[in-house]
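Please look over the sequence and the structure shown here, and then read the briefing below, which is grouped by topic.

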Amino acid sequence: MAFPAKYPSLNETTLSDGAKAILERIIRVAFPHRNFPDGAYRRMRDKIVAEAESSTWFRVVLTQGLLTLDAKLADGEHFLELPQDRALAVLRSVQDLEFFGFIRRTTVLNLYADPEVLQVLGYEGESFSQGGYLHRGFDDLDWLPKARIEEAGEPLVETGRLPYQVRTEAGTTAPGTPAETSGGSSAAAAAGPGPQSGVAADGRTQQPGAVQ
């Protein structure tokens, strides 16, 4: 894809210093954080440039997209000189273009993993390389109630025997079992062994399905 001679700069595939400055301004406008250090935004700019260098398509798209931002402004205006609200309006007008989608995706995945940004956000990082959390204030959350580690002072209440009986596995009755289910007096016990037991009514061994 080549542009006419009227816009020869659009055929560039290498980011100039001016284009890199525009890229950094885009990141700052699209992801405004007053407490984030300048170094984080510069590293994010360099990360996007490095990602674009690995793909000719993204390098061309990014280069041309950055150079066309000023074309959307009135004569004499430059994106780098716009106030925050005007610059944001310009970005909204190009939010569906591929070059801005590339910037947005890469920034979302990398800006908030920057070490300085993590410090600003209060994240101390993974614990393994730093010896774990045990001696690094793992319990320094002052908004949680203090955990009670001593034994409770109130006396334990004795509930006594259960108010019902429990039928044991062997068929005996533990305290609380209803009378009709104890001592083999239930309907199932009175019925005797079922056909699947292999024992006929007269005590002879019976094959399953055989007629007595």
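What span should the 16 residues of helix H2 have, and how far apart are its end C-alpha atoms? At 1.5 Å a residue, helix H2 (residues 38–53) should span 22 Å, and its end C-alpha atoms are 23 Å apart, which agrees; the expected span is 1.5 Å times one less than the number of residues, and helices are DSSP runs of H or I with at least four residues, numbered from the N terminus. This is a predicted model, in which local features need pLDDT of at least 70 and side-chain atom pairs count only at pLDDT 80 or more, while totals for chains, interfaces and linings use all residues. Residues are numbered from 1 along each chain as its sequence is written, and side-chain values use heavy atoms, with hydrogens and water left out.

- Gly-39, Ala-40, Tyr-41, Met-44, Arg-45, Ile-48, Val-49 and Ala-52 of H2 are buried (under 20% relative accessible area, with exposed over 50% and partly exposed in between, for a 1.4 Å probe and protein chains only).
- Helices H1 (17–30), H3 (56–67), H5 (98–110) and H6 (115–121) are among what covers these buried residues, where contact means heavy atoms within 4.5 Å.

**Aromatic pairs**
- There are 3 aromatic pairs, counted when ring centres of Phe, Tyr or Trp (its six-membered ring) lie within 6.5 Å, with planes under 30 degrees apart stacked, over 60 edge-to-face and the rest tilted.
- The rings of Phe-36 and Tyr-112 have centres 6.0 Å apart and planes at 70°, so this pair is edge-to-face.
- Phe-36 lies in the loop between H1 and H2 and Tyr-112 in the loop between H5 and H6, so the pair ties together parts 76 residues apart in sequence.
- Phe-36 is buried, with a relative accessible area of 7%, whereas Tyr-112 is partly exposed, at 31%.

Note on methods
Helices (H or I, at least four residues) and strands (E, at least two) are DSSP runs, numbered from the N terminus.
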